Amino acid sequence: MLRQAVTPLGEFPGLGEPEDVPPPTVAQLRDSIRSTEQIRRRGELTKITAMLPTLLADARAAVREYSGGARAASYAVLSEAYQVAATTLTAFGKEDAAYTALERSMEAAKLSDDPRLEVIGVSSLSWIFSKQGRVSDAETVAVRMAERIEPGFRSAPIDLSLWGILLLRGATAAVRAERTNVAEDLLSLATAAAARIGVDRLDYATPFGPTNAGVATVNAYVDMGKPDKALSHAKRIPDVTGLPPTWLVRHHLDRALAYAEMHRDSEATRTLLAAERTAPEWMRYHATSRHLVAELRERERRRNSPIRDLAVRLEIES
């Protein structure tokens, strides 16, 4: 359904008619995209899948109907809606469809009234490339855009934030490409940017600040195979409760992976249960969390245990 919403028949010249949808106002479109992003941050993928087709159709109707500033503003909403579609499709393991959605997002961004949408689109592209295993491309696109928008001394906090987000994307890709020195340099720059901002921000539905820089470093140490450093660094993050649920559940998973690597299985299980409480639907679809639960279940000798119960709830086959 979501794949079809991203590439409807009416969008292909000569093959169909555009959707006959009366356009909402720009204000209504903006309210809809904000609501959709809030649901995405909670990891409620089924809700997102149900909402996005209507939002995409509404935004396409608006850019056909309106002109001038209203049309540019509608393109901004359309760009963000395609980005949400791209990240949702990636979460379902449909990276090729996600790439198509992101291409359409970038096309809409160029026609919008918001030049920063292209930046956050590149951040999403880097993430999708990482999910596809194209880690070199993921690093390249993130770092190139970061170099292009590198902020100056008087830059606004939002521009520091977007720069930092790109640096973290690049660092994640560099770790997976086993370019540890590059990853550490990018993490250091991102951490400095976060410290300069001084507070946690949420721009374009993406968090950045001291907390997110901290959890990204934990993630990097996990991917580097340094679970002891990951857990040590996690203890130095003052408070992660302000993170959006999808970021918080990922942090719980990173800690669980580190515990499991050190064969501290009971702590890994407790952390996975915290992840489930935070974003249960996200857990059900996330491949790494499912693999870890299956692995811990195989190591569990008791017939009845919390990890076996969790595997049942996630519908992980024996």
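Trainee: At what angle do H8 and helix H10 pack?

Mentor: Keep in mind that this is a predicted model. Two packed helices are described by the angle between their axes and the distance between the axes. Here the axes of H8 and H10 (residues 210-223) are 9 Å apart, and the packing angle is about 10 degrees.

Trainee: Is H8 roughly parallel or roughly perpendicular to H10?

Mentor: Angles under 35 degrees count as roughly parallel. The angle for H8 and H10 is about 10 degrees. That makes the pair roughly parallel.

Trainee: Which residues in H8 meet H10?

Mentor: Start on the H10 side, where the partners are Asn-212, Ala-213, Ala-216, Asn-219, Ala-220 and Asp-223. Across from them, the H8 residues are Leu-168, Thr-172, Val-175 and Arg-176.

Trainee: How many of the 20 residues of H8 are buried?

Mentor: Buried means under 20% relative accessible area. H8 is largely enclosed by the rest of the structure, because enough of its residues pass that test. The count for H8 is 15 of the 20.

Trainee: How far apart are the end C-alpha atoms of H8?

Mentor: At 1.5 Å a residue, H8 should span 28 Å. The model agrees with that, since the end C-alpha atoms of H8 are apart by 29 Å.

Trainee: Is Tyr-204 buried or exposed?

Mentor: Tyr-204 lies in the loop between strand E1 (201-203) and strand E2 (206-208). Tyr-204 has a positive phi of about 55 degrees, although it is not a glycine. Its relative accessible area is 19%, and the cut-off for buried is under 20%. So Tyr-204 is buried.

Trainee: How many residues are in the second, separate core?

Mentor: Some names to find in that second core are Leu-29, Leu-52, Ala-85 and Leu-102. These are included in a set of 32 residues.

Trainee: What does Leu-296 touch, not counting residues up to four places away in sequence?

Mentor: Leu-296 is one of the residues that touch the most other members of the largest core. Beyond its sequence neighbours, its contacts are Ala-260, Asp-265, Ala-268, Thr-269, Leu-272 and Ile-307.

Trainee: What covers the buried residues of H2?

Mentor: Helix H2 (residues 26-41) has 16 residues and reaches 23 Å from its first C-alpha to its last, close to the 22 Å expected. Its buried residues include Val-26, Leu-29, Ile-33 and Arg-41. Their cover includes H3, helix H4 (68-91), E1 and helix H12 (245-261).

Trainee: How far apart in space are Val-26 and Tyr-75?

Mentor: Val-26 counts as buried, because its relative accessibility is 17%. Among the residues it touches are Tyr-66, Ala-70, Ala-73 and Ser-74. Val-26 and Tyr-75 are 49 residues apart in sequence, and C-alpha to C-alpha the separation is 9.9 Å.

Trainee: Which backbone oxygen does the side chain of Thr-49 reach?

Mentor: Thr-49 sits in helix H3 (residues 45-65), and it is buried, with a relative accessible area of 18%. Leaving aside neighbours within four places in sequence, Thr-49 is in contact with Leu-2, Thr-88 and Phe-92. At 2.9 Å, its side chain reaches the backbone oxygen of Leu-45.

Trainee: What is the relative accessible area of Ser-124?

Mentor: Ser-124 lies in helix H6 (residues 116-131). It touches Gln-83, Thr-87 and Leu-102, not counting residues up to four places away in sequence. Ser-124 is buried, and its relative accessible area is 7%.

Trainee: Is Gly-242 buried or exposed?

Mentor: Find Gly-242 in the loop between helix H11 (227-235) and H12. Its relative accessible area is 74%, and the cut-off is over 50% for exposed. So Gly-242 is exposed.

Definitions and conventions
Residues numbered from 1 in each chain as written. Predicted model: local features only at pLDDT ≥ 70, side-chain atom pairs only at ≥ 80, totals over all residues. Heavy atoms only, no water. Core = buried A, V, L, I, M, F, W, Y, C linked by side-chain atoms within 4.5 Å. Buried < 20%, exposed > 50% of the residue type's maximum accessible area, 1.4 Å probe, protein only. Contact = heavy atoms within 4.5 Å. Helix = DSSP H or I, 4+ residues; strand = E, 2+ residues; numbered from the N terminus. Polar contact = N/O pair within 3.5 Å; in protein donor to acceptor, adjacent residues only side chain to side chain. Expected span 1.5 Å × (residues − 1). Axes fitted to C-alpha atoms, helices over the stretch in contact; angles between N-to-C directions. Parallel < 35°, antiparallel > 145°, perpendicular 65-115°, else oblique.
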